Structure formats: structure tokens, C-alpha cells
Amino acid sequence: MKTFAGFFAALFLALTPLPAAHALESSQAEISLGLVPFSSDEGLARLARSDAKVNFPVLANQFEAEYNQAFCGPASTAMVLNAVRDGAADLPRDKSRIRPDDLKYLPPGAEVATARYTQDNVIEKASKTRAQVLGEPVTINGKTTHDFGFQARQLDEMLRANGLSTRLVIVDDAKPEAEVRADLVQSLRQRGHYVIVSFQRKALSEPGGGHISPLGAYDAASDSFLMLDVNPARVDWMWVPAAALIKAMRTFDTVENRGYVLIDPQ
């Protein structure tokens with residue numbers, strides 16, 4: 001596992017360098033909140049000793065960065081769907097990014113589209129439209145507003161619409177921290193179970209607003225979770241202290257608090 005994690009971290013870091021100013025901002029957040037980059041020696045050591053990482057290799061192999069900043073929900077959904085249904089015979093083939101010229105020299109009947117879930121085909125089944133995700137005005141509680149991205153409940157609906165079995169948990173003020181931690185750790189210890197969190201970046205002293213990403217592991221010694229951030233151009237994968245992550249989920253988003261979605265095996 002050390003060899004795999006080290007290789008993946010080195011490749012990931014090489015492909016997504018942070019600008020100098022951004023790196024300084026991130027390092028200050030790490031110091032103040034105890035965030036630890038996955039690619040650091042300490043980050044790799046945490047993964048090596050973790051006993052709650054059974055699905056990390058599968059999920060890391062399906063990693064997908066959001067291709068626009070409103071698509072953290074679809075990117076996380078595609079990752080989990082590809083991990084859960086890897087190798088299934090009925091995987092969709094997204095042809096939306098294939099140009100007519102790409103097909104010019106293919107043999108008749110040849111299929112060039114890869115069989116997998118993408119950010120574009122998972123959002124097609126969501127009740128929230130692509131236009132609404134990208135800012136088309138909507139009416140919520142009688143008020144016209146711009147509801148960018150996905151709220152936790154909207155994320156859960158999209159996961160279910162794509163055939164996954166889920167349990168949504170809103171982290172309101174009455175939800176005990178111990179229960180949240182136990183839920184997340186149990187999921188990370190069970191093969192075929194996954195968890196996606198909805199949180200506020202500012203609560204972690206990170207740049208940006210609301211965000212969604214899967215978790216990959218839990219380290220009991222440091223009481224921290226590995227966040228597989230789907231916007232690596234903004235923030236590296238990070239080990240986030242449990243208390244800080246729960247605080248970042250216990251934040252208000254449009255109509256209710258953020259939270260997490262637990263995904264059960266099919």
C-alpha cells in the first residue's frame with residue numbers, strides 16, 4: 001500500500017501544482033486547522049496505518065476532477081458510480097465530447113466512447129437541471145435565487161436517480177459529533193460502501209464556498225479523514241481533522257445545513 005500510495009501521490013502532485021500564492025494560503029490553513037496534504041510524508045504514513053481505507057484503491061482509481069466549479073456533485077457521483085459498478089455490462093457511453101471528425105477514420109460500427117459514468121451523463125438523471133446547477137434563477141420558498149451547484153439533499157437525489165442505495169444525513173445543530181464520526185468511519189471500513197460529504201470550504205480556511213467530495217480513509221491515531229477533493233487545482237487531497245470536517249458540514253446552505261451521503265453496495 002505504501003508503494004501504491006506513494007506512486008499515486010507523486011503523480012497527482014506532479015499533475016496539479018499549486019501557484020505560489022495559493023500554496024502559501026493553503027499552508028497557513030494547514031497550520032491553523034491541522035490539515036495535512038496526502039502527498040506529504042505524514043499524509044502517506046496516515047494512509048499506511050489506517051484501518052478504514054478498504055475502498056481507497058478502487059475509488060482512487062476512478063478519481064475524476066470536476067471540469068467546472070459547479071460540478072463537484074456530478075464529479076463525486078461519477079467517481080462513486082464507476083467504483084460501485086466497475087465492469088458492469090450496461091455502463092453508459094457518453095458521446096457528448098466526441099466530435100464528428102473524431103469518427104472519420106474509424107471502421108464501420110466501431111465504438112470509441114468509453115463505457116463509464118461521466119459528470120455529463122449522471123446529471124442527466126437529476127431533477128435539478130444543468131442550467132439550474134450553473135445559475136439559472138429558481139424559486140425557493142417563494143424567493144427567486146441562484147442555486148449554484150448541489151445542496152446535500154439534491155446530491156442524494158442525483159445519486160438515487162442513478163440507481164444507488166443511499167442514506168442522507170443532514171448535520172444540524174442537534175446531530176452529535178460522535179454519531180457523525182461513527183457513521184463515516186463505519187462506511188470507510190466496509191467494502192463496497194462509500195461516503196460523499198457536503199461542506200463549507202471557508203470553515204476549513206480554504207479558498208471558495210460550498211463544496212462536495214468523497215472521503216477515502218480515516219486515521220484513528222490523528223482522528224482525521226482523507227478528503228479526495230475533486231478540485232485538485234484549488235486544494236490538494238487533504239487529511240482533515242474530524243472535528244473540523246464536522247464543523248464544515250454543520251453549516252447552512254440555502255434551505256438547511258450541509259451533511260453527508262452514505263452509499264451502500266448494490
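Biologist: Why does leucine 106 count as partly exposed?
Modeller: Its relative accessibility is 31%. Buried means under 20% relative accessible area and exposed over 50%, with partly exposed in between (1.4 Å probe, protein chains only), so leucine 106 counts as partly exposed. Leucine 106 sits in the loop between α5 and α6; helices (H or I, at least four residues) are DSSP runs, numbered from the N terminus.

Modeller: A word on the ground rules. This is a predicted model, where local features need pLDDT of at least 70, side-chain atom pairs count only at pLDDT 80 or more, and totals for chains, interfaces and linings use all residues. Residues are numbered from 1 along each chain as its sequence is written, and side-chain values use heavy atoms, leaving out hydrogens and water.

Biologist: How do you know that the span of helix α5 agrees with its 13 residues?
Modeller: The expected span is 1.5 Å times one less than the number of residues. For residues 72-84 that should give 18 Å, and the end C-alpha atoms are 18 Å apart, so the two agree.

Biologist: What makes α5 mostly covered?
Modeller: Twelve of its 13 residues are buried, among them Cys72, Met79 and Leu81. The buried residues of α5 pack against elements including α4 (56-61) and α8 (152-161), with contact meaning heavy atoms within 4.5 Å.

Biologist: How many residues of the chain count as buried?
Modeller: Of its 266 residues, 50% do.

How values were computed
Helices (H or I, at least four residues) and strands (E, at least two) are DSSP runs, numbered from the N terminus.
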